[in-house]
Amino acid sequence: MFSTKFTTTDDLPEPSPNLINQVIGQDEAVEIVLNAVKNKRHALLLGDPGVGKSMMVKAFGELLENSGHFTPYTIISKPNLKNTEKPMVELLEGNVIERIMPEEKPKVMRQPPSMLTLVLIMLGFILVTQFLLKGVPETQMLGIVATTTIVGTLIAFIILFLAIFGATKASMPNSISPADLKPMVLYECPKRPLVRASAYNTTKLLGDIKHCPLGGKPPIGTPPHKRVILGAIHEAHKGILYVDEIKTMPLDVQDYILTAIQDKKLAISGRNPNSSGASVETNPIPCDFTLIMSGNMDDVSNLRAPLMDRIDYKVVLKNKMDNTTENRDKLLQFIVQEIKNNNLNPMTYEACCELVKLAQLLSGSKNKLTLRLRRLSNIIKMANDIATGKELSESLNEFTKNGALDLDDNEGESDLIIEQLSQGDKEAGKLKNVVNKITGKTYKSTKKSNKSVDELRIELKARISDLNAAEGKLKDKKPIELADVERVLDTGIYSMQKQVAMDYLENFKEYKNIHPNGEPTVGVIHGLAVLGGEGLGDVTRIITKVLNAKNPKTSLLNITGDIAKHSITLASALSKKLVSDGTLPLKGKDGGTDLSEKEIYIQFSQSYSKIDGDSATAAVCLSIISSLLNIPIKQDFCITGSLDLNGDMLAIGGVNEKINAAKEYQFRRVIVPYSNYKDVINIEGIEVIPVKTLDELIPLVFDIQ
Ligand code: ADP
């Protein structure tokens, strides 16, 4: 199986500390994209989910981080006193926090003078005048005092007027408090960034301006420059911007990204038209990034042509690799990595072999191994859960055997201990959960105990530490075994969709009118289908009846239901050709048929599954021929395969799932296209017959005496 023999994965070398060396099976893609990143070219990664797209990008980020010179930068925003709605965002190179954050001295606000000040000014004025007027004759005094009072009052009012006028004018820009005039640090970038964002998250991608509501956050009156939120495109400046799920990228976002790529800067404005942020717009902010996007193969259609044109490298990741010793070793390396990276228990040799077999099964071919490794990774983690779950119950058994809590004999008391302790003690709470989980009971207590809570607490704490120690020891030792992996495979690997389908098939199997031991029957054949997208095979009974047409030459074909139209059209054309041009090595019992006089009815009996593509053409075609020529079909086989107009059997998908379905229904034989035979993984329990042409099919299928 592998090039080395080992007992558990602990015997194998440690995985490479560099993430890039941990990516398996995608050498070509890694090389191309690495080149793209080094040369600051934009790239698009396409491939099935879980083949390592994000992992690759993360690895590039790691490599870039340690490569070349990088000047850290800080992005700040400042208020714009001329136009508060246009805050100014600046990018400053170097570690510049101290440089940019000195208190900016706000202009001192001019307050209008108070009434008291005015009265004091007037009094002062009068006093000064009186002092100066000492010695002036009394007759002139009255006139002078009156004049100076009037002049003083006038001056005071002029001062008041000017002060109020000036203060009002000044208060317009200066209604911002001194704190609000400070610049704000939006982002500090100490090392070359790798920023990840989902394509649908417009705010995260492009940035936004926060709403300034009446109350709440930010508090009312927060100036616009403090409400700026940078986008991932800005934070990725000088680094990599990784955008996944391109299928969900709105068209306008694509335009913005295009502009950002071209101009290497993009302004931020409020995105919600109903928000007060909508009236705010910053200056264009630098965003010189390398764009890496990823998605599934079909997602490309969502990308607009101008954006696609800017993507220099388009790379397709593989979803399977050849089943060779070298690649099985790589898979083993992957298992070791997953164990190490997720801090799991080691895995035995047998369990590793089982995972390789699973990788083979998931690839759909005997000669391949799947590279959809996230699924395998999940299975490894689940198997670890099972292995460690076992430890817990085993150690709990030890624990109860020691007499700390005799759960069976003295349930009431142990309940009480648990109950009391769990009220004030976290550890006891934890134990209670463990006990509940393992015994499947929920403990409630009514009895009273003689022991004080403190006594019980001490006792139980000691036991818990025993338990933890025992658990720790077991954890060190116990590897993930074959049985643990097998338990996951029983149910855990299947998606919800497949579990529903399995449940459904299980329930309906007994009601299906399928008889693998039935007598040869005219027009009846067993085809094979795949249920759902998840690869679960099903047997479908196809029945064809040929009747004399009521209105000859008007209708040749009638289909019950709407399934496999394509297949039926092709099959009817093919059978017509074969029957009418005499190439078929069959002679009908009723001596040939004039098709123009007939109506053909085809039924996919009790079929709840979608029959995919044209993989039913062979079955449908044979069924039509049988009915037209009145020749019975043997009932002990299922058939899957597509036929072309020359009568050649063409490859189909899901051959292993289909063979399994035929086995499930206890058919003796299954006929598959010759070109699919190399993919067949397990031929135990059924005769798998590979076939190249329709001619080869005839003796296998028809009951010709
Ligand atoms: P994607 O982005 O293609 O959906 P991820 O990179 O998120 O897939 O893969 C999920 C996990 O599966 C990774 O974190 C890693 O543990 C494992 N994995 C996937 N592909 C590979 C690979 N080619 N080599 C090693 N591990 C992989």
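Reader: How many helices and strands are there in the protein chain?

Author: In this predicted model, the protein chain has 22 helices and 25 strands, and buried residues account for 33% of its 705 residues.

Reader: Where does UniProt place the feature "active site"?

Author: The UniProt record, an unreviewed entry, puts that feature at Ser615 and Lys658; they are spread over 44 residues of sequence, yet they cluster in space, with a largest C-alpha distance of 10.9 Å.

Reader: What makes Ser615 buried or exposed?

Author: A residue is buried if 20 or more other C-beta atoms lie within 10 Å of its own, and Ser615 has 26 of them within 10 Å, so Ser615 is buried. Ser615 sits in the loop between β19 (598–605) and α20 (617–629).

Reader: Why does Lys658 count as buried?

Author: Lys658 has 28 C-beta neighbours inside 10 Å, and because the cut-off is 20 or more, Lys658 counts as buried. Its place is in helix α21 (residues 655–664).

Reader: Which residues does Ser615 touch, not counting residues up to four places away in sequence?

Author: On that count Ser615 touches Thr640, Gly641, Ser642 and Ile652, while Lys658, leaving aside its neighbours within four places in sequence, is in contact with Leu528, Val530, Gly537 and Thr640.

Reader: Which of the 19 residues around the ligand come nearest?

Author: Gly52, Lys53, Ser54, Met55 and Leu373 come nearest, and the elements that give two or more residues to this shell are α3 (53–65), α11 (325–341) and α13 (373–401). By residue class, the shell divides into eight nonpolar, eight polar and three charged residues.

Key:
Residues numbered from 1 in each chain as written. Predicted model: local features only at pLDDT ≥ 70, side-chain atom pairs only at ≥ 80, totals over all residues. Near = placed C-beta within 6 Å. Helix = DSSP H or I, 4+ residues; strand = E, 2+ residues; numbered from the N terminus. Nonpolar A, V, L, I, M, F, W, Y, C, P; charged D, E, K, R; others polar. Buried ≥ 20, exposed ≤ 12 C-beta atoms within 10 Å, placed from the backbone. UniProt positions renumbered as here; feature names shortened; annotations may be inferred. Contact = placed C-beta atoms within 7 Å.
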